[in-house]
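Welcome! Please have a look at it before you start.

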Amino acid sequence: MAEQYDVIIIGAGAVGCAAARELSRYSIRTAVLERGSDVAGETTGRNSAVVHAGFNNRPGSLMAKLCVSGNEGFGAACKELDVPFRETGKLVLAFDRNDEKTLEKLLADGQKNGCRDLRVLSRAEAEKAVPAAAALQTGSWTGALWSPHTGITNPFLYCIALAENAAANGTRFYLNTEVSGISRGTGDSAFRIFTGSGKEFSARVLINCAGLFADRISAMAGADRYTLHPCRGEYFILDKNELAMPVYPAPRKGEGGLGVHLTPTIEGNIIIGPSAEYLETGACGSDPEGIRTDYACTREVMDQLMKEAVQLMPGIARMQPIGNYAGIRPKLTSPEEGGYSDFVIRAEEDVPGLINLIGIESPGLTASLPIARMVCRLTEEALGGLSEKPDFQPLHKGILRFREQSPERQAQLIAEDPEYGEIVCRCQQITKREIRQAIENPLGARSISAVKYRAWATTGRCNGGYCLPKIVEILIREYGMKPEEILYRNEGSGMFSGWVK
């Protein structure tokens with residue numbers, strides 16, 4: 001028998017989780033279906049983690065409007081959700097006269113979009129006004145666009161906090177639940193949703209936040225008019241270093257992204273990337289689904305990333321890479337078109353009850369809450385009204401970071417709970433108590449990556465060489481998991497086949 005809901009959201013990235021959180025303000029039955037073993041597993045968890053200001057977006061576009069709105073409210077939302085956010089500012093560098101013209105256009109577009117306090121500066125002016133500019137040392141750049149309200153966050157913690165806050169307010173999350181089919185019903189069961197796990201659901205309203213697979217979900221629901229073009233971006237992760245803000249090159253026309261840039265993370269590492277490579281022609285053979293999740297990193301691209309990064313900051317060549325990763329953008333523009341299309345956020349008139357979100361690429365993270373509020377309005381129209389809950393709780397409390405506490409507070413925590421005195425991850429100074437909180441998360445995610453992205457263990461320079469066996473031991477001895485049940489991330493990523501002597 002199908003489980004019945006008023007609203008079902010497909011996809012638990014930043015936009016899906018933001019929609020779930022905003023809809024949990026209302027007295028409706030809402031569920032989220034996610035194909036992965038945790039939230040933030042695809043595009044949300046594989047980007048630059050930049051909170052954009054909105055000057056890269058076409059004036060008058062929905063993308064521009066929602067990005068600027070999201071930027072202005074992002075800090076306040078992160079305070080409610082107990083998520084790290086830092087307004088760092090951002091430099092976009094020019095290297096020749098064509099780039100300088102590009103900066104002037106970005107400035108004009110940003111001002112039309114309502115971006116605050118943008119300035120185009122010569123190199124001398126930038127080095128005087130922005131201390132971080134002087135830290136770039138040499139290089140051949142001639143000027144810069146200065147965006148003081150660009151910021152950085154942790155996209156995993158942001159998405160997790162949205163989801164956990166939604167769950168605390170009554171939203172149900174079904175992980176490892178891939179949609180395999182959708183049929184039309186009638187009345188309160190306008191949609192019947194079938195899944196690979198065998199569970200069936202029905203809903204009056206279906207919200208398609210499926211990211212890389214949003215065109216397929218739309219087609220299943222009856223609106224077969226969209227085609228997404230996956231575009232892969234590869235990244236380097238460098239060891240911790242003092243880079244105060246994101247540094248970008250002036251974007252080049254027709255590329256699938258904003259160019260290879262340098263971005264500090266909340267934790268202090270530097271990210272180099274991304275590249276931009278459309279995956280239209282069989283990157284995974286004939287398997288079309290494999291193409292959309294082909295997160296391979298290649299030596300050729302890695303070498304090119306470092307070459308372009310050195311142009312922005314010559315001293316970066318001496319820094320130590322500790323890892324790499326790739327993300328894939330769900331682009332509506334084809335390889336021939338390049339660039340960006342606008343967000344598609346609409347109630348499909350020919351499929352009543354279907355709310356589609358298609359082509360939500362960057363700045364989707366920045367714009368996620370304004371997008372979610374737009375989804376709420378469309379949902380209200382589809383349901384004929386929404387009634388606010390009197391007991392909605394907007395606050396979420398994350399895992400307390402032991403390493404960020406004062407020595408006096410650390411001593412107090414250890415006295416109250418000895419597990420704060422046991423370090424599991426030496427690189428990041430993560431305690432056993434933090435690991436436990438990550439394992440016991442409200443969503444029930446139990447993979448190694450679920451622990452990693454909540455507690456931030458295994459992310460240091462040893463890449464889990466010290467802490468991973470300890471986390472596995474905790475899962476086995478204290479939570480009763482069998483070795484063969486422990487997954488790194490999703491189904492098929494088992495880490496063990498059994499015990500050995």
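Predicted model: local features only at pLDDT ≥ 70, side-chain atom pairs only at ≥ 80, totals over all residues.

**Exercise 1. Find which residues of H14 are buried, and what covers them.**

Step 1: Buried means under 20% relative accessible area, exposed over 50%, and partly exposed in between (1.4 Å probe, protein chains only).

Step 2: The buried residues of H14 are Cys467, Ile471, Val472, Ile474, Leu475, Ile476 and Tyr479.

Step 3: Their cover includes strand S21 (423-425), helix H12 (432-439) and H13.

Step 4: Look just after H14, where Gly480 takes a positive phi of about 70 degrees.

**Exercise 2. On which side of helix H9 (residues 299-312) do its buried residues lie?**

Step 1: List the buried residues of H9: Val301, Met302, Leu305, Met306, Ala309 and Leu312.

Step 2: They cover an arc of only 140 degrees around the axis, which puts them on the same side of H9. The arc is that of the directions from the helix axis to the C-beta atoms.

Step 3: Turn to the other side of H9, where Arg299, Glu300 and Lys307 are exposed.

Step 4: An α-helix has 3.6 residues a turn, so residues three or four places apart point the same way.

Step 5: Now see what the buried residues of H9 pack against: the partners include S5, strand S13 (229-238) and strand S18 (321-331). Contact means heavy atoms within 4.5 Å.

**Exercise 3. Why is strand S7 (residues 143-147) described as largely enclosed?**

Step 1: 5 of the 5 residues of S7 are buried, so the rest of the structure largely encloses this strand.

Step 2: Check each face: Gly143, Leu145 and Ser147 are buried on one side, and Ala144 and Trp146 are buried on the other.

Step 3: Two strands pair if DSSP finds at least two bridges between them. S7 pairs with strand S5 (residues 90-94) in the antiparallel sense over 5 bridges, and Leu93 stands opposite Ala144.

Step 4: With strand S6 (residues 119-122), S7 pairs in the antiparallel sense over 4 bridges; here Ser122 stands opposite Gly143.

**Exercise 4. Work out the strand order of the open sheet formed by 3 strands.**

Step 1: The order is S3-S8-S4, with antiparallel pairing.

Step 2: The edge strands, each pairing on one side only, are S3 (50-51) and S4 (85-87).

Step 3: S4 is joined to S8 (residues 151-153) by 3 bridges, and Glu87 stands opposite Gly151.

Step 4: Helix H2 packs on this sheet, touching S3, S4 and S8, and its direction makes about 140 degrees with that of S4. Axes are lines fitted to C-alpha atoms, for helices over the stretch in contact, and angles run from 0 to 180 degrees between N-to-C directions.

**Exercise 5. Which residues have the most contacts inside the largest nonpolar core?**

Step 1: A nonpolar core is a set of buried Ala, Val, Leu, Ile, Met, Phe, Trp, Tyr and Cys residues joined through side-chain atoms within 4.5 Å.

Step 2: The largest core has 58 residues, and those with the most contacts inside it are Val39, Tyr158, Ile207, Leu357 and Ile371.

Step 3: Helix H6 gives the largest share of this core, 9 residues.

**Exercise 6. Where are the prolines that follow cis peptide bonds?**

Step 1: The bond from Gly273 to Pro274 is cis, with omega near 0 degrees; Pro274 lies in the loop between S16 and strand S17 (277-278).

Step 2: The bond from Ser362 to Pro363 is cis too, with omega near 15 degrees, and Pro363 is in the loop between S20 and H10.

Terms used. Residues numbered from 1 in each chain as written. Heavy atoms only, no water. Helix = DSSP H or I, 4+ residues; strand = E, 2+ residues; numbered from the N terminus.
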